[in-house]
Amino acid sequence: MQRGISLVCVAAALSFAAGDAAAQGSAGGTAPQVVDQRAGASGGAVRQDVPVRMGVTVQPDTVTIGDPFIVSIRVQAGAGALITFPDPPDSTTTVQALDPAQVSGAPDSSVTDRTARYRVAAWDVGLQPVQFDPVAVRTGDAVRQLPVENVVVYVASVLPADSSEHIPKGARAPFEFPGPWWLPWLLALLAAAIVGTLLWWWWTRRRTTVVANEVDPAREAEEAFARIEAMHLIEAGEHSRYIALVTEVLREFLAARDPAASTSLTTRELLAVLHGSALVPVDRLQTVLREADLVKFANRDAGANRAREIGVECRALVQHVESALAAAVAEAAAEAERTVRTPAGKEAA
């Protein structure tokens, strides 16, 4: 294997030498020039009559996974030429560099002789190519790009020779239940019982929460009136604030009893919605809300006595609505009971 790779490297060097000689021997011809921005200006006179040669060796040419080996790239050019070697192989490939490149030169003033050594390792078996960018050689104002090709290493396997013929076992089932046949069914029933218990607990908790959240609007209104009275706003001279709070409690109570009586409605819209209601005395409600609007929006001072009267009227309206609602419910229940007790023949007659 080493002899084969060496022959490939020698053939590549001879081909570059022959191409250089042909380019120089053509009559009146000029070789194309590629300017490499990485190369700097070379000092001193550059000999143009020395051909550019390059050779690549791999030592050793057979390794195992992870064993380091050396790739040497040697370039000879005219004296004063500037040689730029490529970066080590990319770390994303199967062949990765272990150390930075080490560049050395030969003590010869007639030519520029440079050798770059790369210490790398391969991480897969078989023939593994080692990828390099071209070598840049600047001679004067011209730059030649010398491609580094056919650099391979053979990575031998450390497994026994017969391991390639090994037939793996078939895939095992995700779950295996050793023991009696009824064990899987028992586990399934146990899981179903746990899930059922959790669902029952969630349902009972939800029903308890819903029942706990059901409150009586009348009781809420009475508690709110009590909190407002405890603030002693009338004694502090804040008559307008007292009227605004008690009328707001009244409107929230009406909205709880009738969803159409939303608190976002104006006084005129609310009275229009409740017009003809059998539960709410609209005339009394109109008097309270109109006077509250004058206090809130026209800065009218109703006085302590009138503020106290409005608070009493708001409480009376809540009690009136509750009494009318209870009477309507009782009358509806009695009517339903009379309908059930009435014989079919009398009803038809």
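## Antiparallel pair: α3 and α4

In this predicted model, helices α3 and α4 are roughly antiparallel to each other; that label applies to angles over 145 degrees, while under 35 counts as roughly parallel, 65 to 115 as roughly perpendicular and the rest as oblique. The axes of α3 (residues 217–230) and α4 cross at roughly 175 degrees and come within 9 Å. Axes here are lines fitted to C-alpha atoms, for helices over the stretch in contact, with angles running from 0 to 180 degrees between N-to-C directions. Helices are DSSP runs of H or I with at least four residues, strands are E runs of at least two, and both are numbered from the N terminus.

From α3, the residues P217, A218, A221, A224, F225, I228 and E229 take part in the contact. Their partners in α4 are Y242, L245, V246, V249, F253, A256 and R257. Contact means heavy atoms within 4.5 Å. By class, this contact has 12 nonpolar, no polar and 2 charged residues. Nonpolar covers Ala, Val, Leu, Ile, Met, Phe, Trp, Tyr, Cys and Pro; charged covers Asp, Glu, Lys and Arg; the others, Gly among them, are polar.

R219 is also found in α3. It counts as partly exposed because its relative accessibility is 48%. The cut-offs are under 20% relative accessible area for buried, over 50% for exposed and in between for partly exposed (1.4 Å probe, protein chains only).

## Helix α4 and its buried side

The end C-alpha atoms of α4 are 28 Å apart, which agrees with the 27 Å that its 19 residues should span at 1.5 Å a residue. The expected span is 1.5 Å times one less than the number of residues. Buried positions in α4 are H239, Y242, I243, V246, T247, V249, L250, R251, F253 and L254. The buried residues of α4 pack against α3, α5 (267–273), α6 (282–297) and α7 (303–341).

## T247

T247 lies in α4, which covers residues 239–257. T247 counts as buried because its relative accessibility is 2%. A polar atom of its side chain lies 3.1 Å from the backbone oxygen of A244. Leaving out residues up to four places away in sequence, T247 touches V288, L289, A292, I310 and C314.

## Helices α6 and α7

For α6, 16 residues at 1.5 Å each should span 22 Å, and the end C-alpha atoms are 22 Å apart, which agrees. V282, L285, V288, L289, E291, A292, D293 and V295 are buried in α6. The buried residues of α6 pack against α4, α5 and α7. Just after α6, N299 takes a positive phi of about 55 degrees.

E309 has its place in α7. E309 counts as partly exposed because its relative accessibility is 45%. The C-alpha atoms of E309 and I243 are separated by 9.7 Å, and the two residues are 66 apart along the chain.

## Whole chain and basis

The protein chain has 8 helices and 11 strands. Of its 349 residues, 28% are buried. Among contacts between residues at least 6 apart in sequence, 69% join residues at least 24 apart.

Residues are numbered from 1 along each chain as its sequence is written, and side-chain values use heavy atoms, without hydrogens or water. Local features need pLDDT of at least 70, side-chain atom pairs count only at pLDDT 80 or more, and totals for chains, interfaces and linings use all residues.

Conventions
Polar contact = N/O pair within 3.5 Å; in protein donor to acceptor, adjacent residues only side chain to side chain.
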